[in-house]
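Dear colleague,

My notes on what was found in it follow directly after.

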Amino acid sequence: MSNGITVRKCGALEEFHACVELQRKVWGELDLEIEPVTGFVVAAHTGGQVLGAFEGDKLVGYTLALVGFREGIVYLHSHHTGVHQEYRDRGVGRRLKLFQREEALSRGIRSVQWTFDPLELHNAHFNLNRLGAICQHYKPNLYGITTSPLHRGLATDRLLAQWQLDSPRVIAAINGLANGVAKEAPGAAAEIELPGDLERWKQSAPEQMKGAQDRIRAEFTNWFARGYAAVGIRQTPTGAAYLLDPWSDFKNYIEV
């Protein structure tokens, strides 16, 4: 589906400017919340990543990652991945993430992390089931209330996705060997349910969205404090459900 798309590292100033313009189109934030060109320059020159998906000379997607360091381990924090609206659901995001993995491993970096909105179920499926990431941290209102229409005026609660690039789980997920953990749903130790009306609520029912956010914030915080990790998501007759298993089952999964 992403035929004709080339993914590569960005290095020219005009490519960084193109990333900023695509960022504006994807998130629609005011200028004070936009990552400026200088941020992309710094990331590219200090061991981070600025990766672009191109159709010919046109930038249609990008990833911006920064270097992280914790407990003696270097990792990448993938701050942005944005895809032009006309190129979504064509595998561009997956191509960017797989290139990110290969580039990181080529430098001996084995771990990447990023945050995502737990109410965005498409992203949850992509991150947990298709890429094999797992989550054990919930970040309430991480970025504050932003001007992006995508955030709908809600607190920017985020799950922290942890992606151990060379783990058997990740290798199986990216090769489609078991569709992540989706086929293991009956064996999940616990679940956090989400209603089937989320997409409708996003358009017309902000109070219901806030109520759903408040509830899952409490549930994730409780399960994570008890030593569980979110390892997948599945559809249910009434909506969807995050799947949780004991963190001890994954203690060798990730370094940071």
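R234 stands opposite A241, a residue of strand β10. Strands β9 (residues 228–236) and β10 (residues 239–246) run antiparallel and are joined by eight bridges, where two strands count as paired if DSSP finds at least two bridges between them. Two residues lie between β9 and β10, which together form a hairpin. Because seven of its nine residues are buried, β9 is largely enclosed by the rest of the structure; buried here means under 20% relative accessible area, exposed means over 50%, and partly exposed lies in between, with a 1.4 Å probe and protein chains only. Helices (H or I, at least four residues) and strands (E, at least two) are DSSP runs, numbered from the N terminus.

Please keep in mind that this is a predicted model, in which local features need pLDDT of at least 70 and side-chain atom pairs count only at pLDDT 80 or more, while totals for chains, interfaces and linings use all residues. Residues are numbered from 1 along each chain as its sequence is written, and side-chain values use heavy atoms, with hydrogens and water left out.

On salt bridges, defined as a side-chain nitrogen of Lys or Arg within 4 Å of a carboxyl oxygen of Asp or Glu, a search of the whole structure finds 14. One of these pairs E103 with K9, the closest N and O atoms being 3.7 Å apart. This pair links distant parts of the chain, since E103 belongs to helix α3 (residues 92–106) and K9 to strand β1 (residues 5–9), 94 residues apart. E103 counts as buried, at 10% relative accessibility.

In helix α7, R217 and D214 lie three residues apart, about one turn of the helix, and their side chains meet in a salt bridge (4.0 Å, N to O). R217 is partly exposed at 25% relative accessibility, and D214 is likewise partly exposed at 32%. Salt bridges that share partners join D157, K210, D214 and R217 into one network. Of these residues, D157 is found in the loop between β6 (134–139) and β7 (158–164), and D157 counts as buried, at 0% relative accessibility.

Which cysteine sulfur is closest to that of C19? It is the sulfur of C10, at 4.5 Å, which is too far for a bond, given that a disulfide is a pair of cysteine sulfur atoms within 2.5 Å. By this rule the count of disulfides is zero. C19 is buried, at 0% relative accessibility, and C135 is buried with a relative accessible area of 0%.

Finally, V67, F69 and V74 form a nonpolar patch on the surface, with about 290 Å² of accessible area together. Such patches are made of residues with over 30% relative accessible area and no salt bridge, nonpolar side chains (Val, Leu, Ile, Met, Phe, Trp, Tyr) being joined within 5 Å and like charges within 9 Å; accessible areas come from the Shrake-Rupley method with a 1.4 Å probe, and for residues only the protein chains shown count as cover. V74 has its place in strand β4 (residues 73–83) and counts as partly exposed, at 40% relative accessibility.

With best regards
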